[in-house]
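The structure comes first, then the details by topic.

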Amino acid sequence: MENTLENSKCLASLAVFRELYDNQKDVYGVISEFLKEIISSENKYQFGLTEITLLLNESYDFKIPEAVVKTSLSRLPFLSKSNGVYSVNKPIDQIRNKEFQEKQNKIYNSNNNVVNRLFIYIESQKKVTLSEAEKEIIVKSLCSFMLDESTVQEYSEYIGAFIVQCKSEDTLLAQLDTIKEGVVLYTGLKYNSNLNDLGTWNTQITIFIETEILFHFAGYNGELFKILFNDFFTFVKEINSQSINKNGKKKIHLKYFSEVKNEIERFFKKAEFIINGEDTLNPSKTAMASIVNGCKTL
């Protein structure tokens, strides 16, 4: 079990990232705290940029670029650099940050509680006892799910249902939200070369919504997709609210094409045919089932 939970470190690291960001409000400062912990825990008196970057990414399951690590190292006053080699110029035991370690241990324990609850949920749903190998797969699937990786994971359906269930439990929900917010920051860190822009949106953008996304919004595709859309919509409203207060204009506009409007009208026309007995319901069409359920002819 210990090894399985150790492999959930990517989720725990993201939660730590989010917690530190609350205090630091600066991404370089957050990364420098992780680097400080690596240097002290590994007793690294001298190291190169590539070496410390690999160690950071392996230890916390990150994929942080060297350029970002280089800038973060410059935030550590106990380091000196000569010929590309960094040296620690104070005793290692004075570098350790007990507050970081306490926060990390607390989050790791909370994160392990979430993972254990997920194991219990899947066992109850499948009516089986999970093996260690299966638990490993579940943890990897949960990491991919939270990071929104495109590959279809074996346990995605159960993970999605578990997250929906967590909406009624404040403690679990808070931990999942911390991880999710960490994902947002971390994803921006990987793909945005200007870290000062993280947490802000600087350009106007129009997002064209397709039919299925509108059905998510309406709740026709199930509770999970409705929750995911609402999370997205909350971000859009927050960004627009800040932009209106600052510039008097929205940054993000949500629109749909006339083809989408026509497709939705045809969809509801088909629903009328089904209710009138002129067509049959395809069980795989969740949105259609949601629309026609409870309906009757006048």
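The side chains of aspartate 279 and lysine 270 form a salt bridge with an N to O distance of 2.7 Å; a salt bridge here is a side-chain nitrogen of Lys or Arg within 4 Å of a carboxyl oxygen of Asp or Glu. The model is predicted, so local features need pLDDT of at least 70 and side-chain atom pairs count only at pLDDT 80 or more, while totals for chains, interfaces and linings use all residues. Residues are numbered from 1 along each chain as its sequence is written, and side-chain values use heavy atoms, with hydrogens and water left out.

**Overall**

- The protein has 13 helices and 5 strands, taken as DSSP runs numbered from the N terminus (helices H or I, at least four residues; strands E, at least two).
- Of the 298 residues in the protein, 39% are buried (buried means under 20% relative accessible area, exposed over 50%, partly exposed in between, with a 1.4 Å probe and protein chains only).
- The accessible surface of the protein is about 17200 Å², and carbon and sulfur atoms account for 50% of that area (Shrake-Rupley method, 1.4 Å probe; for residues, only the protein chains shown count as cover).
- Of the contacts between residues at least 6 apart in sequence, 62% join residues at least 24 apart, where contact means heavy atoms within 4.5 Å.

**Salt bridges**

- The whole structure contains 6 salt bridges.
- In the bridge between aspartate 279 and lysine 270, aspartate 279 is partly exposed at 28% relative accessibility, and lysine 270 is partly exposed at 34%.
- Lysine 261 and glutamate 265 also form a salt bridge, at 2.7 Å from N to O.
- These two residues, lysine 261 and glutamate 265, lie 4 residues apart in helix α12, about one turn of the helix.
- Lysine 261 is partly exposed at 39% relative accessibility, and glutamate 265 is partly exposed at 44%.
- Glutamate 33 bridges to lysine 36, with the closest N and O atoms 3.4 Å apart.
- Glutamate 33 and lysine 36 are 3 residues apart in helix α3, which means that about one helical turn separates them.
- Both glutamate 33 and lysine 36 are buried.

**A buried charge without a bridge**

- Glutamate 37 lies in helix α3, residues 27–41.
- Glutamate 37 is buried but has no salt bridge, and the nearest side chain of opposite charge, arginine 96, is 6.3 Å away (Lys and Arg count as positive, Asp and Glu as negative; His and the chain ends are not counted).
- Leaving out residues up to four places away in sequence, glutamate 37 touches Tyr60, Phe100, Gln101 and Gln104.

**Helix α10**

- Thr211, Phe215 and His216 are buried in helix α10, residues 211–218.
- Down the axis of α10, the buried residues fall within an arc of 145° and so line one face of the helix; the arc is that of the directions from the helix axis to the C-beta atoms.
- The cover over the buried residues of α10 includes α11 (223–247), α12 (258–275) and α13 (286–292).

**Aromatic pairs**

- The whole structure contains 12 aromatic pairs (rings of Phe, Tyr and Trp, its six-membered ring, with centres within 6.5 Å; planes under 30 degrees apart are stacked, over 60 edge-to-face, the rest tilted).
- One of them is the tilted pair of tyrosine 155 and tyrosine 158, at 6.4 Å centre to centre and 50° between the planes.
- Tyrosine 155 is buried at 3% relative accessible area, whereas tyrosine 158 is partly exposed at 25%.
- Phe215, Tyr220, Phe267 and Phe268 are linked into a cluster by ring pairs.
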